[in-house]
Amino acid sequence: MANYVDKAEMDRQKSYLYKLQEINNNFLKEHGRKPLANTETYGCQQNENDTERIRGMLSAAGFDFCESHDEADLVIYNTCAVRENAEDKVYGRLGILKHVKESRPDMIIALCGCMVQQDHIVEKLKKIHSHVDLIFGTHALYRLPELLYNTISQKKKVVDTENCDGRIAEDIPILRDSSDKAWVSIMYGCNNFCSYCIVPYVRGRERSRKPEMILSEINELVENGVTEICLLGQNVNSYGKDLEEDIDFSDLLKMVDAIEGVKRIRFMTSHPKDFGDKLIETMANSEKICKQLHLPFQAGNDRVLKDMNRKYTKAEYLEKIRKVKEKIPDIYLSSDVIVGFPTETNEEFLDTIQVLKEVEFDMIFSFIYSKREGTPAAEMDFVLSEEEIHNNFNTLLEVQNEISKRKNDAYVGRICSVLVEGESKNNPEMLSGRTDSSKIVNFKGDSSLKGKYVNVKITQAHTWSLNGELVE
């Protein structure tokens, strides 16, 4: 059974919110404005959802928000530990902030998330980045009010990176970026221990939220105008295994499907070893569950999969995909792929290419293996050179880009229902939105359409997006 933070502790954190409000009210009187907070997120959707909670607590404490650290009184970086590149970005940002803080010593710099849940990272931060004022790990997120108050009032560095399996904290204020769609965490942590992955060590063991708490959050979102829900978990297929109730992820999906006002339901991420027939049937029989599946296969060779501790074979993965396509013919498929796992040979990499060609994913998220200290794979020797690994990675991209473009070409001429998200990132004169199958569609239209479902005829296909025109 999941361990919950009790009401007394959550009330104690609220008392620190009131103390921060007093400090920030005095700041307002002195400066004529509220203190400004700048938050940046690195990593997965779970990190994005955590940042929404951070912003919710900061808003309740009396902070306003800004887009740049140059004008911020408080900077919080919510970090990722999955790949070295994400950590390098954070170190680079901290280097910039060191110079900013020299001219503005009252600025508070905070670091949180998966990266700082690792002891060797915290020691490095203490030695090299002493200008960071507050460091707190994934398990201490709900204690931000107390930690921030202590940082401000005591004017000293505060570190809370307790290593534990984690607890669930409910009733944390949330400030979401969108009023039309929302991420809802249904569980936290991971029990899979893939040999390359640091997540179980920094996020703790799997723990499921009670279904009534999830449904209550979704009902509140719907009352506030949200129509698209994305259910989040490191492995959503494991939902409910630690609950006293006899409930699994398919059962939860049916409960969400029954909520009036919810129009679209998405979820991520599924682990292939736990993905089964019941979930396929649930997806196929629902009008609200999007015809979209993200099912990471990581590598196509059975020996490499065993070294990765993935607990399935290529044949088992392909059989699951075959069943999905049979039940849901128009399914949008995406996956994660690692190139250059230490023990992978060039011949074994070709099995990954074979999976791409057989499945024909709409999109993949591909990465060159990143060594993570503390994981079993970090002790393995590489059999390929960096040049060979990069050549394989480029081959993977070439194959997938051709598939993605061909899959998008098939959309030309179709009329799709699109949830309008706002201005296109690449062209502010265009609107952008997503289809049920998560295809990005850009089209001309009035900004008043944001948050609405519109019909768009697809007129042009690119590798990663579609262009279209509004139809009545």
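Hi everyone, let's start with arginine 143, which is buried at 18% relative accessibility, where buried means under 20% relative accessible area, exposed means over 50%, and partly exposed lies in between (1.4 Å probe, protein chains only). Before going on, a word on the source: this is a predicted model, where local features need pLDDT of at least 70, side-chain atom pairs count only at pLDDT 80 or more, and totals for chains, interfaces and linings use all residues. Residues are numbered from 1 along each chain as its sequence is written, and side-chain values use heavy atoms, leaving out hydrogens and water.

Which residue does arginine 143 form a salt bridge with? The partner is aspartate 160, and the closest N and O atoms are 1.9 Å apart. A salt bridge here is a side-chain nitrogen of Lys or Arg within 4 Å of a carboxyl oxygen of Asp or Glu. Aspartate 160 sits in strand 6 (residues 158-160) and arginine 143 in the loop between strand 5 (134-136) and helix 5 (144-154), so the pair ties together parts 17 residues apart in sequence. Helices (H or I, at least four residues) and strands (E, at least two) are DSSP runs, numbered from the N terminus. Aspartate 160 is buried too, with a relative accessible area of 12%.

Let's move to another pair. Arginine 209 and glutamate 170 meet through their side chains in a salt bridge, at 2.8 Å from N to O. Arginine 209 belongs to the loop between strand 9 (207-208) and helix 7 (211-223), and glutamate 170 to the loop between strand 6 and strand 7 (181-185), so this pair ties together parts 39 residues apart in sequence. Arginine 209 is buried at 2%, and glutamate 170 is buried at 12% relative accessibility.

Now for a pair with other surroundings. Glutamate 421 forms a salt bridge with arginine 434, with the closest N and O atoms 3.6 Å apart. Glutamate 421 is in strand 15 (residues 415-423) and arginine 434 in strand 16 (residues 431-435), so parts 13 residues apart in sequence are tied together.

Next come the rings. How many aromatic pairs does a search of the whole structure find? It finds ten. Rings of Phe, Tyr and Trp (its six-membered ring) pair if their centres lie within 6.5 Å; planes under 30 degrees apart count as stacked, over 60 as edge-to-face and the rest as tilted. Tyrosine 16 and tyrosine 149 have ring centres 5.6 Å apart and planes at 50°, so their pair is tilted. Tyrosine 16 is in helix 1 (residues 7-31) and tyrosine 149 in helix 5, so the pair ties together parts 133 residues apart in sequence. In phenylalanine 341 and tyrosine 369, the ring centres are 5.7 Å apart and the planes at 75°, so that pair is edge-to-face. Phenylalanine 341 is buried at 1% relative accessibility, and tyrosine 369 is buried at 8%. Ring pairs also link Tyr196, Phe341, Tyr369 and Phe382 into a cluster.

One last stop: glutamate 344, in the loop between strand 13 (332-339) and helix 12 (346-359). Glutamate 344 is buried, at 1% relative accessibility.
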